[in-house]
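Subject: Structure for your files

Dear colleague,

Please find the structure below, followed by notes on what was found in it.

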Amino acid sequence: MKNNLVGGLEDRQVKYLGSTHEGKKHDKKICDEEGTRFPDGVELYRDSGFQGHELANVTVHQPKKRPRNGRLSADDQEANRLHSSIRVIIEHIISGIKRCRVVKDVFRNTKEGYDDVVIELACGLHNYRRYCRNQSY
């Protein structure tokens, strides 16, 4: 199963969770079908699975691919390194969601809509955990 999600870099919480799709469906196609919208002026750091997906009034940062039989310039390599250091925050959000093992293991419950409920609960638990860590007692 696969979901698109948007995470905040400052508070490291899940800001948006898309609906659940089969795992073999491409990320860009899911994003096109859902029609995810962002406020104007937002900076979006995404991986290369969304290659070719364009958004209006949003600054998109994606890693630069190495040209065939070529090399990336030193500036492009540094930009990719910077992008990776920011993207790791999103990867940590994903791993925080997957602490609920029901999300990453084979989900055998075949009732309609349960897969969406499980991922929503896992994201809610992750956000609650982040909220509790940020509180000063």
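Asp47 sits in the loop that joins strand S3 (42-45) to strand S4 (58-61); helices (H or I, at least four residues) and strands (E, at least two) are DSSP runs, numbered from the N terminus. With a relative accessibility of 29%, Asp47 counts as partly exposed. The classes are buried for under 20% relative accessible area, exposed for over 50%, and partly exposed in between (1.4 Å probe, protein chains only). Not counting residues up to four places away in sequence, Asp47 touches Gln62 and Arg87, where contact means heavy atoms within 4.5 Å. Between the C-alpha atoms of Asp47 and Gly124, which are 77 residues apart along the chain, the separation is 24 Å.

Before going further, the conventions. This is a predicted model, in which local features need pLDDT of at least 70 and side-chain atom pairs count only at pLDDT 80 or more, while totals for chains, interfaces and linings use all residues. Residues are numbered from 1 along each chain as its sequence is written, and side-chain values use heavy atoms, with hydrogens and water left out.

The loop between S3 and S4 also holds Asn57. Asn57 is not a glycine, yet has a positive phi of about 60°; its relative accessibility of 53% makes it exposed. Asn69, in the loop between S4 and H2, is likewise not a glycine and has a positive phi of about 55°. Asn69 counts as exposed, at 78% relative accessibility.

On the chain as a whole: the protein chain has four helices and four strands, in the order β-β-α-β-β-α-α-α along the sequence. Its C-alpha atoms fill a box of roughly 50 × 45 × 30 Å, taken along the principal axes. Of the 137 residues, 29% count as buried. Among contacts in the protein chain with a separation of 6 or more, 38% come from residues 24 or more positions apart.

The helix pair to look at is H2 and H4. Helix H2 (residues 74-97) packs against helix H4 (residues 114-134) at an angle of about 115°, and their axes are 8 Å apart. Axes are lines fitted to C-alpha atoms, for helices over the stretch in contact, and angles run from 0 to 180 degrees between N-to-C directions. H2 and H4 are therefore roughly perpendicular to each other, on a scale where angles under 35 degrees count as roughly parallel, over 145 as roughly antiparallel, 65 to 115 as roughly perpendicular and the rest as oblique. On the H2 side, Ile93, Gly96 and Ile97 meet Ile119, Ala122, Cys123, His126 and Arg129 in H4. These contact residues divide into five nonpolar, two polar and one charged (Ala, Val, Leu, Ile, Met, Phe, Trp, Tyr, Cys and Pro count as nonpolar, Asp, Glu, Lys and Arg as charged, and the others, Gly among them, as polar).

His126, in helix H4, is buried, with a relative accessible area of 5%. Leaving aside neighbours within four places in sequence, His126 is in contact with Arg12, Gln13 and Val14 as well as Ile93, Gly96 and Ile97.

Lastly, the annotation. An unreviewed UniProt entry lists residues 12-127 as "domain: DDE Tnp4"; positions are in the numbering used here, feature names are shortened, and annotations may be inferred rather than shown by experiment. Over residues 12-127 the chain is 43% helix and 10% strand, with the end C-alpha atoms 8 Å apart.

Regards
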